[in-house]
Amino acid sequence: MTKIRDIKRLKIVEQIILVLLLAVITPTIVTTFIVNNINQHAVRNELQYSALSISESIASNIETFTRSGEDELEQIVLTLRHIPDAKSKSEYLKELFTNSKLISKLQIIHKNDKDKYFKWDEYSYYDKEKQEIQILKKINNNEAILATVDIQTFKDQIFNIYKKDDRQIYILDKNKTLLAAHNYNKKDFDRVTYALPKNLLLNQSQLFGKVKNQPLAYFKLTDPELVIIVNTTHHITKTTINTARYKIILALCLSAFFIIFVVGIYTSYLYINIRQLFKGIIALSKGNYNRKIRMLSNIFTPYEIIFLATEFNNMADEINNTYKKLKHTNKELKKLDEFRSNLIDTVSHEFRTPLTSIKGYTSRLLRQDIELDEETIQKSLKIIKNQSERLSRMVEDLLVIPDIEGSKLNLIIDNVNLADTINDAILSTKHKAQREVIVNIPEEFPDVWADNDRLEQVFINLIDNAYKYSYEDTPIVIDVTQAKSQAVVKVSNSYDYIPPDKLNKLFGKFIRIDDKTTRTTRGTGLGLFIVKGLILAMNGSIELESSKENIFSVVIKLPIKE
């Protein structure tokens, strides 16, 4: 199992290259070899067939030429036999010579003439030195006619249709002497005659020689006794077999290159798109849910890849949205957990004191073993009432928190007189400390647009905080001014300087500044949080200020009714 796991997995590009090698290059090489061999055999057979055909054609041309010459000489002989005198015969021959296209010379030979070039018998003779063919025909027992045919005339008649052919054609007499040749080459002629079989078949074309791609053919005539040899030269082989071979190889190579080129382009686009999918999956696995796959969309992009990318992006969006919701829910749960913890802390600490006071003074009033005077009874009842109000405000603060966070506050917006509301709040908190509260508000100040009960709760909380968190024997100042269409209420008290980074944190739930004042003063830490939520719900604004002259201020802005 370990060895199997250690085997290197090929990448997509490496696999495609391997597939191309197996599916394109290897078949191309095999196909080239097969097609080349088939073509070579076909061309070779064509060359052999054409060599045989040419030998037969040349033999046919020679027979035709010979028959025409013999017929012409036979006609001359018959005519001469009927001409009585030598002068008439000479004029007749002269006229024939002028009009003849085959015979280059005509003369009458007598039996008693002793000429070393002929014997007294009908014959055909090739004079190599003079490059001519002599033909003797008897007129009678004492006279004969000697016709001379120029070898060039013979060649023109025999090789007329093969003037532009590159093959070598040799015509040999019965003594294997070269009579005529087309494209003569001594080296090739010697090689061909050496390879010529000793026993030749008569009146039929035959192949001979050992070089298959350069076929040799012969045709042996019996009348006249001539041998025609056709040689396929190396040049013909090169221009037929080799050239065709190179063309086939080139065509197949170009086809393979084109296939590889097209597959390469397709593969590059496919690889880029698959890499995008790969990167997207990696990003998703590492928690990057915002990663989107951007495809190179063109004709080379498969539908399946685009479908996968689209579905992947949709899945990533769903996961990202779910993750955001989960993250938000976790934050909310964390806040709720903190709120629950702080709430339990606050309830356990802040509720205990008033409940203890209420319980203690109630028990004192209910005792039967002692007699209480009127002043003590009134004092006890007053303390029970104050502690009950304190409990009521704390419960009200706790109950309003969910409404503020869920924006579910039920407000009755109406005209509110600021002076009256501030005075009511002062009266509700005045019993807590013998502290001077200075209110600076212009006469006939316009009404604000707010909820009267909630606004009174705001000022109660602010004045209560000012009582708790200020120096002894220092006044609390409430300034009311107008700025355009807003009423600005500034509640100030003397307190230590608070840095800006801690100042805005005071709007949080259960937040209290950790100093000697907070350690000696009880509170839930919800006052400013509730004040901010109520003010914002009434379309107002609130901010905190702390100066280095030890003045702490809460500035509230509320809309004035038009």
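Trainee: Let's start with H182: does it count as buried or exposed?

Mentor: Burial is read from relative accessible area: buried is under 20%, exposed is over 50%, and partly exposed is in between, using a 1.4 Å probe and protein chains only. H182 has 10% relative accessibility, so it counts as buried. Keep in mind that this is a predicted model, where local features need pLDDT of at least 70 and side-chain atom pairs count only at pLDDT 80 or more, while totals for chains, interfaces and linings use all residues. Residues are numbered from 1 along each chain as its sequence is written, and side-chain values use heavy atoms, with hydrogens and water left out.

Trainee: Where is H182, and what does its side chain reach?

Mentor: H182 belongs to strand 6 (residues 178-182). Helices (H or I, at least four residues) and strands (E, at least two) are DSSP runs, numbered from the N terminus. A polar contact is a pair of N or O atoms within 3.5 Å; within protein, one must be able to donate a hydrogen and the other to accept it, and residues adjacent in sequence count only if both atoms are side-chain atoms. The H182 side chain gets to the backbone oxygen of Y162 at 2.7 Å, and it also makes a polar contact with the side chain of N183, at 3.2 Å.

Trainee: Which residues does H182 touch, leaving out those up to four places away in sequence?

Mentor: Contact means heavy atoms within 4.5 Å. On that basis, H182 touches F159, Y162, K163, D165, R167, Q168 and I169.

Trainee: What about N320: which residues is it in contact with, beyond neighbours within four places in sequence?

Mentor: Those are Y289 and N290. N320 sits in helix 7 (residues 303-350) and, at 9% relative accessibility, counts as buried. Compare S363 in helix 8 (residues 352-366), which is partly exposed with a relative accessible area of 41%; its side chain reaches the backbone oxygen of K359 at 2.8 Å.

Trainee: Now aromatics. How many aromatic pairs does a search of the whole structure find?

Mentor: A pair of aromatic rings is described by the distance of the centres and the angle of the planes. Rings of Phe, Tyr and Trp (its six-membered ring) pair if their centres lie within 6.5 Å; planes under 30 degrees apart count as stacked, over 60 as edge-to-face and the rest as tilted. The search finds five pairs. One of them is F208 with Y218, tilted, at 5.9 Å centre to centre and 55° between the planes. F208 is in strand 7 (residues 205-208) and Y218 in strand 8 (residues 216-222), so this pair ties together parts that are ten residues apart in sequence. Both F208 and Y218 are buried.

Trainee: And how far apart are the ring centres of F257 and F261?

Mentor: They are 6.4 Å apart with planes at 20°, so that pair is stacked. An α-helix has 3.6 residues a turn, so residues three or four places apart point the same way. F257 and F261 are four residues apart in helix 6 (residues 234-285), separated by about one helical turn. F257 is exposed, at 56% relative accessible area, while F261 is partly exposed, at 47%.

Trainee: Which residues form an aromatic cluster?

Mentor: Y170, Y184 and F189 form one.

Trainee: What is the phi of K176?

Mentor: Most residues other than glycine have a negative phi, and most peptide bonds are trans. K176 has a positive phi near 60° and is not a glycine. K176 lies in the loop between strand 5 (168-172) and strand 6. N539 also has a positive phi, of about 60°, without being a glycine; N539 is in the loop between helix 14 (527-537) and strand 15 (541-547), and it counts as exposed at 63% relative accessibility.

Trainee: Last one: what pLDDT does the protein average?

Mentor: pLDDT is the predictor's confidence in each residue, from 0 to 100. The protein averages 79, and 88% of the residues score at least 70.
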